[in-house]
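Dear colleague,

Please find the structure below, together with its sequence. My notes on its packing and its aromatic contacts follow.

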Amino acid sequence: MLRERLAFFGALCAILVSINLATADPNECELPPGLREEIAQYQPVVDSIFQHIVSGEYAGKTWQSLLEFTDRFGPRLTGSKQLEDAIDFAVQEMIAEGLDNVHTEEAIVSHWQRGREWAELVEPFQKNLPMLGLGKSVGTAPEGIRAEVIVVESFEEFENFTADQVEGKIVVFVPAWAGYGATVQYRSESASVAANKGAAAVLVRSMAPFSIGTPHTGTLSYDPEVRRIPAAAITVEDAMLLLRKYRRGDKMIIHLKMDAMNLDPTISRNTIGELEGHTFKNTSVVVVSGHMDSWDVGTGAMDDAGGVFISWKAVTFLKAMGLRPRRTIRAIYWTAEETGLEGADEYEKQHSEDEKDEFNVFFESDSGTFKPTGLDFSGNSDAHCIFAEIAKLMPGFNDFTYTEGTVGSDIGNWERRGFPGVSLRNKNENYFWYHHSEGDTMELEDPHDLDRSTALWAATAYVIADLSIDIPKDVTDYKPK
């Protein structure tokens with residue numbers, strides 16, 4: 001299941017299959033009578049939203065709030081006090097800003113602790129190997145693991161080794177970067193693949209196309225039928241070094257020490273604040289969202305505090321401007337996304353009984369908040385046509401796309417079952433340079449880009465929430481996993 005979800009997220013980031021809405025012939029869409037004219041009438045309010053957020057009294061405020069948040073709480077690993085303190089802070093701030101129905105909803109989540117860790121090449125020469133244990137990895141014995149190394153580029157190459165050759169060794173997987181969706185299976189599955197032949201531990205080339213000696217973490221997925229072994233990511237440079245030396249026939253020994261622990265599941269919370277609709281309060285809700293948790297490296301500014309804050313401030317600024325749509329706009333800051341979408345899964349279960357009536361469209365920003373270029377949309381053909389018309393209102397954007405599949409991670413379950421989905425399209429070609437690493441900090445965030453992203457988010461959500469009709473959807477019944 002985790003591999004499937006990671007692949008979906010990879011597809012989101014790569015945007016493999018998309019159709020440009022801006023170049024579509026509007027005459028190909030048969031909109032309900034008068035709807036095209038109704039949508040066009042929102043141009044003045046859309047322009048006003050952009051003016052207030054991009055160049056007016058709210059300019060720079062999304063960036064400033066994000067800065068204060070990340071400086072105050074730092075990384076927010078699922079299960080940590082820092083994450084729960086950040087949630088408490090968000091609740092207090094949203095109440096102070098006058099948002100409606102501010103509250104949290106509990107979710108049982110994983111609780112993994114990294115502890116101290118290190119890796120060292122000890123033969124044929126000594127070299128520190130910067131590393132990050134993979135989320136949910138088990139630790140080593142107190143003395144660590146000191147073992148000979150096998151280095152391969154692919155699962156197919158590893159198949160050529162017998163269990164006798166692998167037994168007791170540390171296996172290093174060095175897959176060529178082929179995009180996140182195609183490559184992330186090595187982070188997810190390598191531990192179980194290697195353990196199935198008796199390996200003592202696994203090291204994996206970081207899931208990144210570029211590195212300056214920086215490892216990138218992320219969650220793994222253990223096969224329940226296979227013994228669990230320690231697993232960690234190493235830098236691109238070190239992975240390539242080990243591969244070259246192994247290809248030359250060098251015998252290498254690595255000493256790996258990890259204190260990682262999987263503790264009992266704990267309680268976290270999804271965080272909610274609303275701009276309540278003046279006609280429909282708890283039906284046909286428009287959700288804007290990002291995830292509150294992050295990895296325990298960097299400060300999670302890019303992944304995904306930026307997504308949280310454009311969702312949060314979009315609702316706050318609309319409220320301050322006195323713009324209250326027909327339907328409720330609900331900001332949700334998901335918990336425990338990094339450990340497998342656990343917060344979103346729990347929220348879906350809690351809201352499954354009436355969700356067909358409760359929800360209209362789901363927005364999610366979780367692929368960076370760099371310079372925005374437009375929006376990605378998923379949904380049925382009728383919804384596509386309406387969204388294409390709404391997209392024309394957004395000033396200065398021409399990169400609106402329709403994606404077959406899903407455009408989100410936390411909202412993916414709803415999209416796969418027929419709810420329309422929206423995600424922020426931005427110039428994130430360097431996203432995986434910093435993803436899940438110490439490089440994910442405020443230095444990546446630009447005030448003007450955040451203003452433009454917030455304005456685009458706010459204006460699009462407002463129009464959808466205020467239309468005389470719901471966005472069409474083809475929703476299948478919720479089925480518990």
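The largest nonpolar core has 75 residues, and the members that touch the most others are Ile 49, Phe 50, Leu 318, Phe 363, Ile 390, Met 394 and Leu 467. A nonpolar core is here a set of buried Ala, Val, Leu, Ile, Met, Phe, Trp, Tyr and Cys residues joined through side-chain atoms within 4.5 Å; buried means under 20% relative accessible area, exposed over 50% and partly exposed in between, with a 1.4 Å probe and protein chains only. Helix α17 (residues 447-466) gives this core its largest share, 11 residues. Helices (H or I, at least four residues) and strands (E, at least two) are DSSP runs, numbered from the N terminus. Leaving aside residues up to four places away in sequence, Leu 318 touches Ile 49, Leu 275, Leu 323, Ile 329, Ala 458 and Tyr 462, where contact means heavy atoms within 4.5 Å. Another core, of 30 residues, lies apart from the largest one and includes Ala 191, Val 204, Leu 220 and Phe 370.

The model is predicted: local features need pLDDT of at least 70 and side-chain atom pairs count only at pLDDT 80 or more, while totals for chains, interfaces and linings use all residues. Residues are numbered from 1 along each chain as its sequence is written, and side-chain values use heavy atoms, with hydrogens and water left out.

Turning to the aromatic residues, rings of Phe, Tyr and Trp (its six-membered ring) pair if their centres lie within 6.5 Å; planes under 30 degrees apart count as stacked, over 60 as edge-to-face and the rest as tilted. The count by this rule is 31 aromatic pairs. Phe 155 and Tyr 186 are stacked, because their ring centres are 4.2 Å apart and their planes at 25 degrees. This pair links helix α6 (residues 155-158), which holds Phe 155, to helix α9 (residues 185-195), which holds Tyr 186, across 31 residues. Both Phe 155 and Tyr 186 are buried.

Phe 210 and Trp 433 form a tilted pair, 4.3 Å centre to centre with 35 degrees between the planes. Phe 210 lies in the loop between β8 (201-205) and β9 (231-234) and Trp 433 in helix α16 (residues 431-434), so the pair ties together parts 223 residues apart in sequence. Phe 210 is partly exposed, at 35% relative accessible area, and Trp 433 is partly exposed at 31%.

Ring pairs also join Phe 69, Phe 73, Phe 89, Phe 309, Trp 312 and Tyr 333 into a cluster.

Yours sincerely
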